[in-house]
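The sequence and structure come first.

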Amino acid sequence: MNGVSSYPESIVAIATPSGYGGVGIVRISGSLAKQISVSITEKSLIPRQATFCYFKNQQQQVIDHGIALFFSAPNSFTGEDVLELQGHGGPVVMALLVKEILSQGCRLARPGEFSERAFLNDKMDLTQAEAVADLIHASTEQAAKSAMRSLNGDFSDVIHQFNQKIIYLRTYIEASLDFSDEEIDFMQDQQIKTLLDEITHQLDYLMKNSQQGVLMNHGVQLAIVGRPNAGKSSLLNCLAQNNSAIVTDIPGTTRDILKENIQIDGLPINLLDTAGLRVSNNIVEQEGIKRTWDAINKSDNIFYVLDDEHYGDEIQSDFFKQVLTHVNVTLIRNKIDKTNKNPGVSTGEFAEEIAISVKNHSGIDTLKDFIKNKFGFSSTVAETSFSARTRHVDLLKNVDEIIKKGIQHFNRTSSAELLAEDLRQTHQLLGEMTGEYTSDDLLGNIFSSFCIGK
């Protein structure tokens, strides 16, 4: 993309969340923005200067009043002429303002269309555009900081530096092939091995930081399951530090899925407290148990909570055996205050086990550390990592496979041609990350997940 793209349609959307608020913002982008600014405000706005105005319709009726800001192309978020009207945050008054703007030739913006135009007009690359949405939806302080680093271009810079090494090595190899008749002993040149080592180390750094970024963006989902009265709801309350779940000695208190969003050192976690697994004739409880199995199937990890006093009986139950058919199961041996078992993590007969006492808060810190380690989350790495998405990690995994294959080819056959082709594929995959190479389907999938008005 070079220069400012020309779109046949100007777009409008409410850029603030739905509902009532002190301020509401309507955003317009496109060739009609300047014309509409004069029509709505009856003023010639100075670019990038806030101006108090009355917002009027074409019948000279006042819709609202507030601040108008005009940004002339290409010095705007989208790279086009942009008008922002900042009025009162009532849904009716903002809807009236949008209705008037639509009558003057604009159309409603699609989700993420402002950011999409910014990308297509070279105002930001694709990783930066994705970071816009990540910053808006950040659920922890760490996630917000990492999204801001990506929006500032940190992620793009690292990818670009890595790609430059790929390009340099590829150029070096291809030049050597072109001059193969000359007295150049390419296969004995130590420089290629040094460059491959540098590329491998930098790729490892990229993958680790990207994986941390994905964890901070999406978090993990943990389903707390087990028999009634094992301490599932008490564990949720303990981790959430909130009495969200009702806790009683009566079996079957929890009938529906109770959700709590927490964070452990910056790692977002969606906790699901579920109905106790048992045979029941109560149709309400049966529905709750059905939802428990749904949660088990959709969660990243399953915490099977059991009463340590009845461990021997528990592991013989059909419910226990059914849950164990799922790969990601961790046994939480609760109530060790009654069995005098030491808190801690161990490798059990069936799965990894963590001995705790929710009542005494014994072993809870160990449990939190286990969760972080289970998903490879590092608080230290998270301090400097950037926001990333699953597609970035998948692309980097492909890059890693191709580079490893290229190194194997080179070490085994000394085939420079094959290594050059592997580097070409790597260069293209890195271009997909930043948006140098994109398809309409990819852009559609990315920007459709954005909120309207951004």
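## Terms and basis

Contact means heavy atoms within 4.5 Å. Helices (H or I, at least four residues) and strands (E, at least two) are DSSP runs, numbered from the N terminus. Axes are lines fitted to C-alpha atoms, for helices over the stretch in contact, and angles run from 0 to 180 degrees between N-to-C directions.

The model is predicted: local features need pLDDT of at least 70, side-chain atom pairs count only at pLDDT 80 or more, and totals for chains, interfaces and linings use all residues. Residues are numbered from 1 along each chain as its sequence is written, and side-chain values use heavy atoms, with hydrogens and water left out.

## The sheet

Seven strands form an open sheet with mixed pairing, in the order E8-E9-E7-E10-E11-E13-E12; two strands pair if DSSP finds at least two bridges between them. Strands E8 (258-264) and E12 (344-347) are at the edges with a single partner strand each, so one side of each has no neighbour in the sheet. From one strand to the next, the twist averages 25 degrees.

Strands E7 (residues 220-226) and E10 (residues 301-307) run parallel and are joined by five bridges. Val 225 is opposite Tyr 304 in E10.

## Helices on the sheet

Helix H8 (residues 232-240) packs on the sheet and touches E7, E8, E9 (267-273), E10 and E11 (329-334). The direction of H8 makes about 155 degrees with that of E9. Helix H9 (residues 283-298) lies across E7, E9 and E10, at about 140 degrees to E7.

## The H4-H16 pair

The axes of H4 (residues 126-136) and H16 (residues 440-447) come within 10 Å and cross at roughly 25 degrees. H4 is therefore roughly parallel to H16 (angles under 35 degrees count as roughly parallel, over 145 as roughly antiparallel, 65 to 115 as roughly perpendicular and the rest as oblique). Leu 126, Ala 129 and Glu 130 of H4 meet Leu 442, Leu 443, Ile 446 and Phe 447 of H16.

## Nonpolar cores

A nonpolar core is a set of buried Ala, Val, Leu, Ile, Met, Phe, Trp, Tyr and Cys residues joined through side-chain atoms within 4.5 Å; buried means under 20% relative accessible area, exposed over 50%, partly exposed in between (1.4 Å probe, protein chains only). The largest core has 30 residues, of which Phe 162, Leu 169, Leu 206 and Leu 430 touch the most other members. Helices H6 (154-178), H7 (190-218), H14 (390-413) and H15 (416-434) each supply at least two residues, and H7 gives the most, with eight.
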